[in-house]
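Please look over the sequence and the structure below before reading on.

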Amino acid sequence: MNRPYNFSAGPAAIPAEVLQQAASEMLDWHGSGMGVMEMSHRGKEFVSIYEQAEADLRELLAVPAQFKILFMQGGGLAENAIVPLNLSRAATVDMVVTGSWSQKSAKEARKYASEVRLVGSGEASHFTALPEPGTWELSRGASYLHLCSNETIHGIEFHDLPDLKALGSDAPLVIDFSSHVASRPVDWSRVGLAFGGAQKNLGPAGLTLVVVREDLLGHALPACPSAFDYKIVADNQSMFNTPPTWGIYIAGLTFQWLKRQREGDLTGVAAMERRNLAKAKLLYDAIDQSQLYVNKVAVNARSRMNIPFFLRDESRNDAFLAGAKERGLLQLKGHKSVGGMRASLYNAMPLSGVEALVAYMREFEQKQA
Ligand SMILES: Cc1ncc(COP(=O)(O)O)c(C=O)c1O
């Protein structure tokens with residue numbers, strides 16, 4: 001079945017094979033006589049779905065044994081509160097602000113930490129460049145440092161995670177990897193905790209992934225709700241309360257799809273990284289070579305997942321979007337806070353989708369030159 005190409009920033013495209021499998025299992029999962037949404041989360045059927053999903057994710061992201069994988073609810077914005085509730089110990093938290101999502105994280109953490117220090121900011125560049133880690137003034141004894149490793153709205157990504165130890169800090173690094181989880185491997189030696197909503201690269205909205213180093217568990221503030229206390233969630237295999245069973249199931253199918261992906265000699269997330277680099281290069285090259293389109297982000301920090309671009313003549317925005325829709329190129333309108341266009345090239349977007357977008361962009365530019 002030929003579907004349009006969906007460039008939504010999230011909730012976003014899910015691989016057609018995953019949707020087809022879910023559709024075929026909707027009424028009767030593996031002869032159980034039940035659909036997945038109708039199963040007890042404690043029954044053997046769902047427990048097997050859960051265990052497979054967790055094992056596949058651990059393998060795909062090469063998560064070391066001393067990290068717990070938690071399947072929670074609340075999304076990225078809830079994690080902005082849940083992280084300081086668990087990790088701040090009501091002390092100082094360091095923040096690096098590189099766009100809208102980390103700005104929100106800093107604001108929320110102020111409710112729980114004794115102090116939130118902005119140790120690096122990209123604001124002066126209007127979030128088109130990353131503050132150089134060597135310039136960050138890290139606090140002594142900070143309970144953690146938070147950054148957003150891919151800013152979905154501003155299209156800016158840390159291509160490498162900072163090594164806080166090398167910068168003289170013992171603070172664990174917390175990353176919001178909502179919009180590029182599973183798009184590239186993660187260097188866990190640099191990370192204490194990573195969180196992300198599933199609705200961009202892993203599955204449907206309603207599921208939040210948290211990967212947390214064991215030694216960070218057990219320090220929640222007394223006010224932390226039990227269902228959000230990472231230690232309680234971890235001790236109960238994410239089943240202290242009813243987990244988002246449907247989201248875990250679809251994410252599990254997506255993990256199996258990811259494991260089947262190949263690019264040359266690479267498989268899984270390494271294959272996705274190679275494919276994602278090729279997709280992003282194709283689009284950035286087309287933007288940079290044109291007279292009409294522009295992307296303002298510094299080349300060394302351009303997101304491979306979310307690519308905002310602007311028409312130099314903004315009066316043509318509506319015509320661009322209408323023509324795109326006619327050609328089956330959906331959801332290209334930029335975030336309302338920045339305007340213009342944005343193409344999100346998550347794992348489910350094939351290279352052919354980016355080729356179709358680039359061909360349309362050239363056609364639109366030539367026609368109106
Ligand atoms: C990087 C990032 N963090 C956090 C969020 C907020 O996630 P949620 O709406 O699931 O709370 C988003 C949503 O787009 C995001 O892109």
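Ala182 sits in the loop that runs between strand S8 (173-176) and strand S9 (193-197), where helices (H or I, at least four residues) and strands (E, at least two) are DSSP runs numbered from the N terminus. This is a predicted model, in which local features need pLDDT of at least 70 and side-chain atom pairs count only at pLDDT 80 or more, while totals for chains, interfaces and linings use all residues. Residues are numbered from 1 along each chain as its sequence is written, and side-chain values use heavy atoms, with hydrogens and water left out.

With a relative accessibility of 2%, Ala182 counts as buried, because buried means under 20% relative accessible area, exposed means over 50%, and partly exposed lies in between (1.4 Å probe, protein chains only). If residues up to four places away in sequence are not counted, Ala182 touches Leu61, Asn201, Leu202, Leu258, Val269, Met272 and Asn347, contact meaning heavy atoms within 4.5 Å. Ala182 and Phe195 are 13 residues apart in sequence, and their C-alpha atoms are 12 Å apart in space.

Lys279 belongs to helix H7 (residues 268-289). What is the nearest side chain of opposite charge to Lys279, which is buried yet has no salt bridge? That side chain is Glu263, and it is 8.6 Å away from Lys279; for such charges, Lys and Arg count as positive and Asp and Glu as negative, while His and the chain ends are not counted. A salt bridge is a side-chain nitrogen of Lys or Arg within 4 Å of a carboxyl oxygen of Asp or Glu. A polar atom of the Lys279 side chain does, however, lie 3.2 Å from the backbone oxygen of Leu345.

Side chains of opposite charge can pair when their charged atoms come close. A search of the whole structure finds 18 salt bridges. One of them is in helix H7, where the side chains of Asp285 and Lys281 meet with an N to O distance of 2.6 Å, and these two residues, being 4 residues apart in that helix, are separated by about one helical turn. Asp285 counts as partly exposed at 27% relative accessibility, whereas Lys281 is exposed, with a relative accessible area of 52%.

The side chains of Arg58 and Glu54 likewise meet in a salt bridge, at 3.8 Å from N to O, and this pair is separated by about one helical turn because its members are 4 residues apart in helix H2. Arg58 counts as partly exposed, its relative accessibility being 23%.

Arg327 forms a salt bridge with Glu363, and the closest N and O atoms are 2.5 Å apart. Arg327 lies in the loop between helix H8 (317-326) and strand S15 (329-330), and Glu363 in helix H9 (residues 351-367), so this pair ties together parts that are 36 residues apart in sequence. Arg327 is partly exposed, with a relative accessible area of 36%, and Glu363 is partly exposed as well, with 30%. Both belong to a network of salt bridges that links Glu326, Arg327, Glu363 and Lys367.

Definitions and conventions
Polar contact = N/O pair within 3.5 Å; in protein donor to acceptor, adjacent residues only side chain to side chain.
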